[in-house]
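Grab a pencil and keep the model open while you work. Try each exercise yourself before you read its solution.

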Amino acid sequence: CFFAVGDTGTGDANQAAVAAGIEAKCAVDGCAFGLLLGDLIYETGASSPTDPQFQTKFAQPFASVAGPFHAVLGNHDYNGTGNGQNWGQEANYAGYAASQAKFSLPGGTVAYRLEAAPVLLLGLDTQQILYDPAGAAASQAALVGAALAESPQPWRIAFGHHPYLSNGPHGNAGAFDSGTAFPENGQRVKDFIEGNLCGQINVYFSGHDHSRQVFDAPPACQGTVFVVSGAGAKLTQFPKSNTPAPLFEQSSRGFAYVRATPTRLEIEMLDQGGSPEFSLILP
């Protein structure tokens, strides 16, 4: 069992309320680990591996949740130079991860594979896929391909910051922010997911839009469920409208919770107090 939540990094009472709900859920049903879906430190990311914001926006709010927290980075985590593309900030998160055990970047990298039987986890840096510095998209595609070919796990779950489908203000990959110019429109994220994940993984978790949504596999991506769990502190509404409609959609704080056995995967969407509001079972 594990939880997934994104867009947490405010350090405010709203983040603390969601963290308390996670603590309550884990106390009752157990949590082997958590997934952090990016935007871990608002507004401009970590300035060093010892940035005090790691304490105020991660360690202190989640003090009562055992972890480990396997993290991926979001756009705000790279926001150190005004245009949001300070790729050197990656080292600050990797350095903090190396200094303690609770905040985890397996292998010291921002894109990685992790075996957690009966699940293969694929952590993706979608901000780097979006802008593709130094061939990051191809590198992550190779990582995904090797992991899917080699892993014996019956369930395959990927997680990154940017959504594939969303009714929130950012919208769908390929049309982010009402179709802003390439590459900000997310076309590379769309192409990456369709070329490397669709039909190859069971679930893709993301944040970026500050809400909770669950989409059944769309025609262009048969076999893959899409979950937005970006309501870890902030909230946004639903100006967009996908067809078909999501199976679940709430603009209220909360998180996702997963139970996995070799033959069954259950995804729960919970409110900030840890009470379930929706459940989807994949046999």
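Predicted model: local features only at pLDDT ≥ 70, side-chain atom pairs only at ≥ 80, totals over all residues.

**Exercise 1. A lysine on the inside**

Find Lys57 and work out which side chain of opposite charge is nearest, and how far away it is.

*Solution.* Start with the location: Lys57 is part of helix H2, which covers residues 53-59. Next, look for a partner. The nearest side chain of opposite charge belongs to Glu43, and it is 7.3 Å away.

A polar atom of its side chain lies 2.5 Å from the backbone oxygen of Tyr42. Beyond its neighbours within four places in sequence, Lys57 is in contact with several residues, among them Gly9, Thr10, Gln15 and Leu40.

**Exercise 2. Buried or exposed?**

Decide whether Arg212 is buried or exposed, then find a side chain that it touches through a polar contact.

*Solution.* Then take its relative accessible area, which is 0%. Buried means under 20%, so Arg212 counts as buried. Finally, look for the polar partner: the side chains of Arg212 and Ser252 are joined by a polar contact of 2.7 Å.

**Exercise 3. Rings in pairs**

Describe how Phe58 pairs with Phe62, and then how Phe58 pairs with Phe103.

*Solution.* You'll want two numbers for each pair. A pair of aromatic rings is described by the distance of the centres and the angle of the planes. The whole structure has 17 aromatic pairs. For Phe58 and Phe62, the centres are 5.9 Å apart and the planes meet at 50°, so this pair is tilted. Both partners are buried: Phe58 has 5% relative accessibility, and Phe62 has 2%.

On to the second pair. Phe58 and Phe103 are 5.3 Å apart, centre to centre, with 80° between the planes, which makes the pair edge-to-face. Phe58 belongs to helix H2 and Phe103 to strand S4 (residues 103-104), so this pair ties together parts that are 45 residues apart in sequence. Phe103 is buried too, with a relative accessible area of 2%.

Last step: zoom out. Ring pairs link Phe3, Phe54, Phe58, Phe62, Phe69, Tyr93, Tyr96 and Phe103 into a cluster.

**Exercise 4. One lysine, two partners**

Which residue forms a salt bridge with Lys234, and over the face of which ring does Lys234 lie?

*Solution.* Begin with charge. Side chains of opposite charge can pair when their charged atoms come close. Here, Lys234 meets Glu43 in a salt bridge of 3.1 Å, N to O. Glu43 is in the loop between strand S2 (33-37) and H2, while Lys234 is in the loop between strand S10 (225-229) and strand S11 (248-250), so the bridge ties together parts that are 191 residues apart in sequence. Both ends are partly exposed: Glu43 at 43% relative accessibility, Lys234 at 26%.

Now for the ring. Lys234 lies over the face of Tyr42, 3.8 Å from the ring centre. If you'd like another example, look at Lys25, which lies over the face of Tyr257 at 4.7 Å from the ring centre.

**Exercise 5. Along a helix or across the chain**

Work out where the partners lie in the salt bridges Glu150–Arg113 and Glu194–Lys190.

*Solution.* Take the Glu150–Arg113 bridge to begin with; its N to O distance is 2.7 Å. Glu150 is in helix H5 (residues 136-150) and Arg113 is in strand S5 (residues 112-116), 37 residues apart, so to speak distant parts of the chain. Glu150 is exposed at 54%, whereas Arg113 is partly exposed at 29%.

Then turn to Glu194 and Lys190, whose side chains meet at 3.0 Å, N to O. Both lie in helix H7 (residues 187-196), four residues apart, about one turn of the helix. Glu194 is partly exposed at 29%, and Lys190 is partly exposed at 25%.

To finish, find the network: salt bridges that share partners join Lys25, Asp29, Arg259, Arg264, Glu266 and Glu268. The structure's total comes to 11 salt bridges.

Conventions: Residues numbered from 1 in each chain as written. Heavy atoms only, no water. Buried < 20%, exposed > 50% of the residue type's maximum accessible area, 1.4 Å probe, protein only. Polar contact = N/O pair within 3.5 Å; in protein donor to acceptor, adjacent residues only side chain to side chain. Helix = DSSP H or I, 4+ residues; strand = E, 2+ residues; numbered from the N terminus. Lys, Arg positive; Asp, Glu negative; His and termini not counted. Salt bridge = Lys/Arg side-chain N within 4 Å of Asp/Glu carboxyl O. Contact = heavy atoms within 4.5 Å. Phe/Tyr/Trp six-rings, centres within 6.5 Å; stacked < 30°, edge-to-face > 60°. Lys NZ or Arg CZ within 6 Å of the ring centre and 35° of its normal.
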